[in-house]
Amino acid sequence: MKVLSADIGGTNARFALAELTNEGVTWLEHHVFSSQEATFESALRKILRTWKDIRAVRFIVIAAAGPVENGRVKMTNAAFCVDEELVRALFENARVFLINDFQAQAWGLNFPGIENSLETLYSSDAIFPCPVRTVIGAGTGFGTGWLLTGDTPNVIASELGHVSMAFASDERPVEHFYQSIYPDTPLTIEHVLSGKGLSLLHRFYTGEVADPAHLTREAGFETSATCATFARFYGRAARTAALAVLTQSIVIGGGMARKSPCLVKHPNFLAEFLHYKGPHLNYLKRIRLYLDTTGNLGLFGTLALARKTA
């Protein structure tokens, strides 16, 4: 079965053509577009012009960053919509599915062999016995999804990134700085844990305005106050996700940690994840933490959903 997959984020849009069999998957085509320079429609039409036999595809699964409403996703951090009707008009004989991008990443956790794409960040011998797997990730925005494993696996979408961000008493200056940037709304996890949030944190500490992709490559970034504080916030968000829904494991997806692993490998990340004096500390210590190293978890998720529904 040939499947056209797409993972549309606020920074990049990944398209892939795959041959899915009982033995596994063969990638036939793959292309990455900039979501800030190309629209979903223009990217799709380019693929139609350039990929061989693309019109013969009968199964299409598209993941996009934003809530799915009436077959459409108004992108959270890009200036276009992703619409099922457009896809059906271009592929008249195909079955089309549109899902949230972190729903797709959660489905990816159910794809055979996906563990080969994951790096272990923390593991306890006494794993917490639970059928739930979690994925979170900071990129252009912040996303979360939960996979319910078992005989009939299913996925729960989430907007955890828009939950209020908690600050410790010694972080009040940072909190007040963020609030000065967003004066008319409560501060959320996404305000802090995103590319823009990292740039603002760097500005707080240094007074410099820098693109997140550039500042993370600067010499000394791994030992900077920016990295240390961002890792602390990231660990707090991971703990929030773990306490919101009991889980066996958390995978860190999103582009930021993949491109700059120090953001989750800094000691502050794990220290903050386990910084809990309540009755559930033992539970937190038994959760396994992983890093998605390829960025293809969403594409694997679209294939997992295709296999489930075909």
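Is Phe59 buried or exposed? Phe59 is buried, with a relative accessible area of 4%. The close-up views below come from a predicted model.

**View 1. Aromatic pairs in the predicted model.** The count comes to 13 aromatic pairs. Two numbers describe such a pair: the distance of the ring centres and the angle of the planes.

**View 2. Phe15 and Phe33 form an edge-to-face pair.** Their ring centres lie 5.7 Å apart. The planes stand at 90°, over the 60 degrees needed, so the pair counts as edge-to-face. Phe15 belongs to strand E2 (residues 12-21). Phe33 belongs to strand E3 (residues 24-34). Phe15 is buried, at a relative accessible area of 1%. Phe33 is buried too, at 10%.

**View 3. Phe59 and Phe97 form a stacked pair.** Here the ring centres are 5.3 Å apart. The planes meet at 15°, under the 30 degrees cut-off, so the pair is stacked. Phe59 sits in strand E4 (residues 59-64). Phe97 sits in strand E8 (residues 95-100). The pair therefore ties together parts that are 38 residues apart in sequence. Phe59 is buried, with 4% relative accessible area. Phe97 counts as partly exposed, at 22% relative accessibility, because buried means under 20%.

**View 4. An aromatic cluster.** Which residues form it? Phe142, Phe230, Tyr234 and Phe269 make up one cluster.

Methods: Residues numbered from 1 in each chain as written. Predicted model: local features only at pLDDT ≥ 70, side-chain atom pairs only at ≥ 80, totals over all residues. Heavy atoms only, no water. Phe/Tyr/Trp six-rings, centres within 6.5 Å; stacked < 30°, edge-to-face > 60°. Helix = DSSP H or I, 4+ residues; strand = E, 2+ residues; numbered from the N terminus. Buried < 20%, exposed > 50% of the residue type's maximum accessible area, 1.4 Å probe, protein only.
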